[in-house]
Structures are given as structure tokens and as C-alpha cells.
Amino acid sequence: MRERQGGTRMKYKGIIFDLDGVICSTDECHYQAWKKLADEIGAAGFNREDNARQRGVSRMESLEVVLEKAPHQYTQEEKAALAEHKNEMYRQLLANMSPADLSHEVKDTLDALRAKGLLLAIGSSSKNAPFILDRIGLGDYFDKISDGNNISHSKPHPEVFLLAAEYLGLAPADCLVVEDAVSGVDAGIVGGFDTAAIGYASTYHKATYHLKTFSDLLTIVEG
Ligand code: B16
Ligand code: MG
């Protein structure tokens, strides 16, 4: 614990936020783009349950989830082309996003956490993270960004969070990871972080905290 502004004791020194499904609802855009690809290639059974397994994992691993239901086998080159095609459809959806897609609750909570003296980072598996942050008006907001562009292993490997903590100059034990994916909560645990689960993962029993709403973080961080 450390003393912070106004004498309030803070449980953490930094918070590492997942992006898709935590800061904004791009998880739904992922689903829509994968669903379109699935329909195009005849993977008709692809559904939201399958999509849940795509949360937090890399684009190529996500593609494999769709291909489980595809009637054909694909070569590595064809898989790369399918992933690229999905990404183009996904980015078309992202291009329609604006700062209006950042909720007041999320923005006000981030501002309040920062005002408490906490360092704020992104820990996302997405290679589109910088583009998304720009679209929603948070391009320069976070102290550090660790994303799909600087990692070799996606969640549940802890690399993305360990790098985020390192970039912040903090130990994992001093950071809280906020996640909407089971794979992300598992990554946080393996990395030695406390975890706050929200949205899809909010009932996942392994998480340290279960958020009903994003602003619950304000009470969690106070010791
Ligand atoms: P991209 P997060 C993850 O983002 C998504 O949850 C996951 O569904 C996606 O496959 C992954 O990013 C890669 O995304 O295709 O944009 O590089 O939840 O870790 O912020
Ligand atoms: Mg997520």
C-alpha cells in the first residue's frame, strides 16, 4: 500500500486495461467481422460461444476457431489471406468509430483513477490497438501501451501484461489487470497480477474482483 493524493491509501500503483471489451465495445465488431467471414466460407455454425473463445487470443488463433466449423482445409497462405480479409472487414467497422464510442463512465473513471495518482496502461492482444485508441479519442491518453504489435505470445501467456508493467516501471504485484476475457484473467494470474473481471468474464471465479460496472474500479483501488 502507498500513500497517495489527499492521504488516501492506494492498493495499486498502476492499472493495466485490456482494450476490446473493456475500454470500448470493439469485441462486438470482432464478432461481426468473424461472423461475416464464417458465412463467406460456409462455416455456418460459428456462433457467440465460439466467439467467446476468441476473446484475448491472437488473430490467427481466432481464425482457427472459425475454421473448426469450415467445410474445407486451408493452407497456411490461404489462412493468412483469410485473416487479412477479416481484418479489412473489421477495420471498416472500426473506421466508423468516434469519441462518441467511448462511454462517459469509462472516460470519467479513467480520469478519476489518474487523479488518484495511478499510472494507466493498455495491455491488449490487438494489433489494431493504436488505431482504435485514435478513433475513440484516447490516442495520447495512456501512460504506456503494450499490444499485439510488441508481443510473441498472446493471452493466456502473460507477456503483454508483464511488458506493460515493465513499461510503467512497476512490479506486477503493484498493478491491477482489468479484463473481459477468461484468457486475459488467466494471463494476469500467471503473471502475478491481481485481476478485475468485467463483462463476459465478470463471473469467472479465478478473478480477484468481479466488476458489475467499470466505475467499481474506483472503490477497488482504495485500500
Ligand atoms: P487484432 P484484447 C484481442 O484484443 C481480442 O480480444 C481478440 O478477439 C483478438 O483476436 C485480438 O485482440 C487480436 O486482435 O486482430 O485486432 O490484432 O481483448 O486483448 O484487447
Ligand atoms: Mg478483451
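View 1. A197 stands opposite H210 in β8. β7 and β8 pair in the parallel sense over 2 bridges. Two strands count as paired if DSSP finds at least two bridges between them. Strands are DSSP runs of E with at least two residues, helices are runs of H or I with at least four, and both are numbered from the N terminus. The model is predicted: local features need pLDDT of at least 70, side-chain atom pairs count only at pLDDT 80 or more, and totals for chains, interfaces and linings use all residues. Residues are numbered from 1 along each chain as its sequence is written, chains are lettered from A and ligands numbered from 1 in the order in which they are written, and side-chain values use heavy atoms, with hydrogens and water left out.

**View 2. The open sheet.** Six strands line up in the order β5-β4-β3-β6-β7-β8, with parallel pairing. β5 (144-146) and β8 (209-210) stand at the edges with a single partner strand each, so one side of each has no neighbour in the sheet. Strands of a sheet pair through backbone hydrogen bonds.

View 3. β3 (residues 14-17) and β4 (residues 119-123) pair in the parallel sense over 4 bridges. Here I16 has A121 in β4 as its bridge partner. β6 and β7 (residues 194-197) also pair in the parallel sense, over 4 bridges. L176 stands opposite D194 in β7.

**View 4. The magnesium ion (ligand 2).** Its protein donors are D18 (OD), D20 (O) and D180 (OD), lying 2.1 to 2.2 Å from the ion. Donors are N, O and S atoms within 2.8 Å of the metal (3.2 Å for Na, K and Ca); water is not among the atoms, so sites may look incomplete. D20 sits in the loop between β3 and α1, D180 in the loop between β6 (175-179) and α8 (182-191), 160 residues apart. D20 counts as buried because its relative accessibility is 12%. D180 is buried too, at 3%. Buried means under 20% relative accessible area, exposed over 50%, partly exposed in between (1.4 Å probe, protein chains only).
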